[in-house]
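Here's a quick tour for anyone meeting this protein for the first time. Take a look at the model, then read on.

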Amino acid sequence: MDTTCDICRHTTATGRYLCDACEYRAGAWLAGLPAQAVLLGHLLAPVVGPARRGGSGRAHSPLPVDLRALDLLGAGHAVPLEDPHGDQTGGVPVAALLTGWAHYIAHDLLPDVFIDEQGVLRRVGAASACPRTGASIAGWATWLVRYLPHAVTRPYAAELYEQLHDVVDRIERITHTRPGRRHRQAPCPDCTAFALVEQETELHINCDACGHRLTPDEYTAHRDQVMPALARTALLMLARRETAA
Ligand SMILES: [Zn+2]
Ligand SMILES: [Zn+2]
């Protein structure tokens, strides 16, 4: 079986369509959606300006809401995998997208079998997606986070990933939020650029220059190996400069 991630082309474990890093990123997007929905909700509250001086006393008409936020928070239908051209995610609201995927994944889990306490092979009834925390964006996002490990073993994993990416991108452009990034001290072990970055939504520490990636443990080992030598070199250069001066 092909063991290449459908998204980033890194190697995956057998039976997976997405690698650990892409699964982690998709999970982080889902986990961040409830907070993003709250921010979008604020953009929907009409902004009322102060009453005009000498006017009739009525506040003037509320400023129009951000229609892009309305589009994302509104009702709508998601039709994952049924769009023949794969280009219909543009206007799908968040809740409809999450609900559509949750039901699709629940349906995909059928027919499912399990062995009961007596060791009898039984078939479970029709699975239907039902979030424990209510049918809100937060509820559906939590449901999908729980079933993401199953979804990454299915051929539609990349489609789910790309639609989540698209919706998160649309939201971030409106709410002006981006995942926190932190530059790390040590140079990249592959290209030597000082471009290693740790980002909230990433499983790895990634090199902005060459795309090399390290797990946090690998980074720590690499840093402990190279930084003392780099610090010694820097001190030597400083000492030489002072001697020359
Ligand atoms: Zn990947
Ligand atoms: Zn690099």
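Before we start, one term: a residue is called buried when its relative accessible area is under 20%, exposed when that area is over 50%, and partly exposed in between. Also keep in mind that what you're looking at is a predicted model.

**The overall layout**

The protein is built from 6 helices and 6 strands. Starting at the N terminus, the order is α-α-α-β-β-α-α-β-β-β-β-α. Of its 245 residues, 34% count as buried. The protein exposes about 14,800 Å², and 56% of that comes from carbon and sulfur atoms. If you take the contacts between residues at least 6 apart in sequence, 50% of them join residues at least 24 apart.

**The zinc site**

Which residues hold the zinc ion (ligand 2) as protein donors? They are Cys188, Cys191, Cys207 and Cys210, each through its SG atom, at 2.2 to 2.3 Å from the ion. Along the chain, these donors follow the spacing C-x2-C-x15-C-x2-C. The site is tetrahedral, with angles of 107 to 112 degrees among the 4 donor atoms.

Two of these cysteines link distant parts of the chain, being 19 residues apart: cysteine 191 sits in the loop between strand S3 (181-183) and strand S4 (196-199), and cysteine 210 in the loop between strand S5 (205-207) and strand S6 (213-214).

| Residue | Relative accessible area | Class |
|---|---|---|
| Cysteine 191 | 28% | partly exposed |
| Cysteine 210 | 37% | partly exposed |
| Threonine 201 | 10% | buried |

Threonine 201 lies in the loop between S4 and S5. Why does threonine 201 count as buried? Because its relative accessibility is 10%, and the cut-off for buried is under 20%. Beyond its neighbours within four places in sequence, threonine 201 is in contact with Tyr24, Arg25, Ala28, Trp29 and Pro179.

In soluble globular proteins, nonpolar side chains tend to be buried together. Here, the largest nonpolar core has 39 residues, and Leu33, Val94, Leu98, Ile105, Leu144 and Leu164 have the most contacts inside it. The elements giving two or more residues to this core are helix H1 (20-44), helix H2 (67-73), helix H3 (94-108), helix H4 (137-151) and helix H5 (157-175). Apart from that core lies another, of 9 residues, including Cys207, Leu214, Tyr219 and Met227.

For a closer look, pick leucine 98: setting aside neighbours within four places in sequence, leucine 98 is in contact with Leu30, Leu33, Ile137, Trp140, Ala141, Leu144 and Leu164.

Terms used. Residues numbered from 1 in each chain as written. Chains lettered and ligands numbered in written order. Predicted model: local features only at pLDDT ≥ 70, side-chain atom pairs only at ≥ 80, totals over all residues. Heavy atoms only, no water. Donors = N, O, S within 2.8 Å, 3.2 Å for Na, K, Ca; no water. Tetrahedral: all angles 85-135°; square planar, octahedral: opposite > 155°, others 65-115°. Helix = DSSP H or I, 4+ residues; strand = E, 2+ residues; numbered from the N terminus. Buried < 20%, exposed > 50% of the residue type's maximum accessible area, 1.4 Å probe, protein only. Core = buried A, V, L, I, M, F, W, Y, C linked by side-chain atoms within 4.5 Å. Contact = heavy atoms within 4.5 Å. Areas by Shrake-Rupley, 256 points an atom, 1.4 Å probe, with all protein chains shown as cover.
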